[in-house]
Amino acid sequence: MTEREEQDCADFPGGKAANAASLSGKPLGIYIHIPFCARKCAYCDFLSAPATEETMRLYADSLKREMREAAEILRQEYVVSTVFFGGGTPSILPESVLSGILEELFCLMPVKTDAEITVECNPGTLTETKLKAYRASGVNRLSIGLQSADNRELQLLGRIHTFEEFAENYELARETGFQNLNVDLMSALPGQTREGWMETLYKVTELEPEHISAYSLIIEEGTPFYEKYKEGGPGYAALPDEDTDRLMYEDTKKILEARGYQRYEISNYARPGFACRHNLSYWERTAYKGFGLGAASLLGNRRYRNGDSLSEYLAGNFSYDSVTVLSRKEELEETMFLGLRKMEGVSLTEQMEQLYGELIVKLCRQGVLERQNSRIFLTDRGIDVSNRVLSEFLLDEEI
Ligand code: SF4
């Protein structure tokens with residue numbers, strides 16, 4: 001249950017519908033990008049940078065304007081079922097600024113009473129006041145970026161916090177009443193051993209978060225980490241080799257499943273009932289609308305991407321960088337390679353049977369795919385080589 005309060009939405013036509021229990025309309029996920037961080041992490045190539053409080057406030061004003069422009073059309077067709085503040089570090093915003101954005105959304109759009117509302121947070125940026133303000137504004141899920149329980153690894157990654165600071169923030173979140181917490185972790189770090197990774201998993205599961213995301217580090221070109229890593233240097237030990245990386249993935253599954261977490265997507269685990277509904281909408285291709293710098297949207301058969309110039313955005317220019325109209329073939333391909341990321345896989349339609357029948361038989365024979373009635377899903381072996389398997393679902397011809 002959230003502590004969302006009734007908003008005074010008198011000036012906004014969508015507002016009266018907000019908080020109503022029985023709303024009709026197609027479900028819509030809302031993504032709100034906050035491109036600010038206390039400091040840039042060494043491995044990060046996301047759209048984020050440090051900024052002054054003044055810039056953050058101006059950015060929030062632009063976000064509200066962008067939402068107002070879009071809401072008129074959106075509310076005719078959709079009801080908001082999830083909201084996700086991502087970044088960057090959304091928790092770096094002063095609490096009144098984040099609450100203000102959410103209040104505006106509630107006034108503009110019908111939002112389900114049980115909507116999942118997530119804020120991505122970085123340890124070291126949370127305070128009791130902030131957490132209470134989040135609760136009061138309806139936030140009911142926090143996604144905390146820990147990455148590692150080893151302070152040496154955190155330092156290597158250029159993170160702003162220690163494990164102890166994370167644990168303090170985590171406890172504070174519990175004390176403030178948050179009952180749905182995700183912890184982000186990262187494996188395959190330079191110099192990391194299997195034992196070190198397992199230690200991180202043990203330490204984190206002792207805290208019993210409802211959800212854990214566990215990805216491998218990808219060293220992106222153009223990041224300071226890439227440059228330093230290329231040159232070598234103090235602390236930049238070798239990356240775990242491919243076999244160790246795979247074993248770490250297996251360790252993750254083993255340890256997390258033994259502690260009550262179900263893997264529901266290649267890199268995501270949750271206690272029963274706590275799968276991230278917002279992220280599921282990406283893999284299931286239900287509609288979502290992104291607001292803010294570089295934010296992506298999927299509405300019907302169109303994918304949109306916002307521009308990524310902060311000065312343009314602050315000046316109120318919300319034009320898209322790209323609009324892609326997906327063909328039926330592209331939609332089907334996406335359904336397959338996004339849907340197969342989920343452990344429950346994809347239910348085959350007649351058309352999928354026709355187009356992919358032979359491929360499915362071949363992949364089942366190879367042991368990378370399994371079929372149960374009309375449902376197909378990746379096997380453990382298939383997950384190990386998922387990029388290769390998923391790419392096989394690209395079609396040669398239009399349909
Ligand atoms: S906190 Fe996240 S978004 Fe910000 S710099 Fe670090 S990795 Fe990038």
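This is a predicted model: local features need pLDDT of at least 70, side-chain atom pairs count only at pLDDT 80 or more; totals for chains, interfaces and linings use all residues.
**Nonpolar cores**
- The largest nonpolar core holds 78 residues, and the ones touching the most other members are Ile-32, Val-80, Leu-105, Ile-144 and Ile-212.
- Helix α2 (residues 95–108) is the top contributor to this core, giving 7 residues.
- Leu-105 touches Ile-30, Met-67, Val-83 and Val-111, leaving aside residues up to four places away in sequence.
- Another core, of 13 residues, lies apart from the largest one, and its members include Leu-340, Tyr-356, Leu-378 and Val-389.

**A look at helix α2**
- The buried residues of α2 are Leu-98, Ile-101, Leu-102, Glu-103, Glu-104, Leu-105, Phe-106, Cys-107 and Leu-108.
- Among the elements covering these buried residues of α2 are the strands β1 (26–34), β2 (78–87) and β3 (111–121), along with the helices α1 (53–77) and α3 (128–137).
- With 14 residues at 1.5 Å a residue, α2 should span 20 Å, and this agrees with its end C-alpha atoms, which are 20 Å apart.

**Around the ligand**
- Surrounding the ligand are Cys-37, Lys-40, Cys-41, Cys-44, Phe-46, Ser-48, Gly-87, Gly-88, Thr-89, Asn-122 and Gly-145.
- By class, this shell is made up of 6 polar, 4 nonpolar and 1 charged residue.

Conventions. Residues are numbered from 1 along each chain as its sequence is written. A residue is near a molecule or strand if its C-beta atom, placed from the backbone, lies within 6 Å of it. Ala, Val, Leu, Ile, Met, Phe, Trp, Tyr, Cys and Pro count as nonpolar, Asp, Glu, Lys and Arg as charged, and the others, Gly among them, as polar. A nonpolar core is a set of buried Ala, Val, Leu, Ile, Met, Phe, Trp, Tyr and Cys residues joined through C-beta atoms within 7 Å. A residue is buried if 20 or more other C-beta atoms lie within 10 Å of its own, exposed if 12 or fewer, and partly exposed in between; C-beta atoms are placed from the backbone. Helices (H or I, at least four residues) and strands (E, at least two) are DSSP runs, numbered from the N terminus. Two residues are in contact if their C-beta atoms, placed from the backbone, lie within 7 Å. The expected span of a helix is 1.5 Å times one less than its number of residues.
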